[in-house]
Amino acid sequence: MIAKLEEAGVRIDILGPDTVRVRRDGPLRQRYFDRRIPRLPNRHAGAVHGAGHAVGGVSSVKENIFENRFMHVQELVRMGANIKVDGRTATVRGSAKLSAAAVMCSDLRASASLVLAALVADGESILDRVYHMDRGYERFEEKLRGVGAQIRRMGNVFNTRESESAAD
């Protein structure tokens with residue numbers, strides 16, 4: 001996976017057995033991420049690759065396993081991403097910048113991609129249903145704050161039909 005990211009223009013420094021530094025110096029280069037690429041865990045990383053390419057480069061992500069893997073795409077589009085889904089393939093064309101928005105997380109990997117998009121977006125974003133991340137990422141907010149992110153968990157922000165009904 002590191003080799004594929006480097007091909008796309010990402011610089012990765014391995015600082016220790018559990019520590020890496022990831023950065024880019026210029027626009028990301030076009031890449032096609034497909035589950036058939038050996039050892040590229042697209043089912044785990046496809047959403048995150050899509051979010052990364054939303055701010056630079058042109059890439060395609062093909063999903064062969066879970067038909068609803070692209071549920072988060074509309075949320076990225078609300079932030080200004082240029083992503084088109086055709087069947088099981090999402091084509092991401094990098095835009096100049098993303099803008100803050102209130103978005104909803106639909107699953108674990110989608111949540112991670114929306115957090116990454118929010119971190120590079122102009123303004124303050126609100127992500128609802130981030131409890132999905134708790135299943136797969138331990139101390140997510142703490143780790144992001146450790147690298148300079150301004151992030152905090154606020155509890156339920158959006159009213160749902162259930163909470164509105166309970167209030168009646």
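Y137 is partly exposed, with 28% relative accessible area. On this scale buried is under 20% relative accessible area, exposed is over 50%, and partly exposed is what falls in between, using a 1.4 Å probe and protein chains only. One thing to keep in mind from the start: this is a predicted model, in which local features need pLDDT of at least 70 and side-chain atom pairs count only at pLDDT 80 or more, while totals for chains, interfaces and linings use all residues. Residues are numbered from 1 along each chain as its sequence is written, and side-chain values use heavy atoms, with hydrogens and water left out.

**The aromatic pair**

Back to Y137. The whole structure holds 1 aromatic pair, and it is made by Y137 and F140. A pair of aromatic rings is described by the distance of the centres and the angle of the planes. Here the centres are 5.1 Å apart and the planes are 45 degrees apart, a tilted arrangement. For reference, rings of Phe, Tyr and Trp (its six-membered ring) pair if their centres lie within 6.5 Å; planes under 30 degrees apart are stacked, over 60 edge-to-face, and the rest tilted.

**The chain as a whole**

The protein chain has 7 helices and 8 strands. Both are DSSP runs numbered from the N terminus: helices are H or I runs of at least four residues, strands are E runs of at least two. Of the 168 residues in the chain, 39% are buried. The accessible surface is about 10,400 Å², with 49% of that belonging to carbon and sulfur atoms; these areas come from the Shrake-Rupley method with a 1.4 Å probe, and for residues only the protein chains shown count as cover. Take the contacts (heavy atoms within 4.5 Å) between residues at least 6 apart in sequence: 55% of them join residues at least 24 apart.

**The nonpolar core and Met79**

In soluble globular proteins, nonpolar side chains tend to be buried together. The largest nonpolar core in this model has 24 residues, and L76, M79, I83, V103, L114, V115 and L127 have the most contacts inside it. Such a core is a set of buried Ala, Val, Leu, Ile, Met, Phe, Trp, Tyr and Cys residues joined through side-chain atoms within 4.5 Å. The elements giving two or more residues are α3 (73–78), β6 (89–93), α4 (108–120) and α6 (140–146). Helix α4 gives the most, with 4 residues.

If you click on M79 and skip neighbours within four places in sequence, its contacts include L98, V103, L114 and A117, along with S125.

That last residue deserves a look. S125 sits in the loop between α4 and β8 (126–128). A polar atom of the S125 side chain is 3.3 Å from the backbone nitrogen of A101.

Another loop serine, S106, lies between β7 (102–104) and α4. Beyond four places in sequence, its contacts are M71, H72 and H132. Over in helix α4 itself you'll find V120, whose C-alpha is 8.5 Å from that of S99, 21 residues away along the chain.

Strands β1 (residues 10–16) and β2 (residues 19–24) run antiparallel and are joined by 6 bridges; two strands pair if DSSP finds at least two bridges between them. I14 has V20 in β2 as its bridge partner, and the hairpin between the strands has 2 residues.

Strand β5 (residues 82–86) pairs with β6 in the antiparallel sense as well, over 5 bridges. N82 stands opposite R93 in β6. This hairpin has 2 residues between the strands, and G87 takes a positive phi near 65 degrees there.

Which residues other than glycine have a positive phi? R129 is one, at about 65 degrees, in the loop between β8 and α5 (131–134). R139 is another, with phi near 50 degrees, in the loop between α5 and α6.

| Residue | Relative accessible area | Class |
|---|---|---|
| S125 | 17% | buried |
| S106 | 19% | buried |
| R129 | 32% | partly exposed |
| R139 | 44% | partly exposed |
| V120 | 46% | partly exposed |

Key. A polar contact is a pair of N or O atoms within 3.5 Å; within protein, one must be able to donate a hydrogen and the other to accept it, and residues adjacent in sequence count only if both atoms are side-chain atoms.
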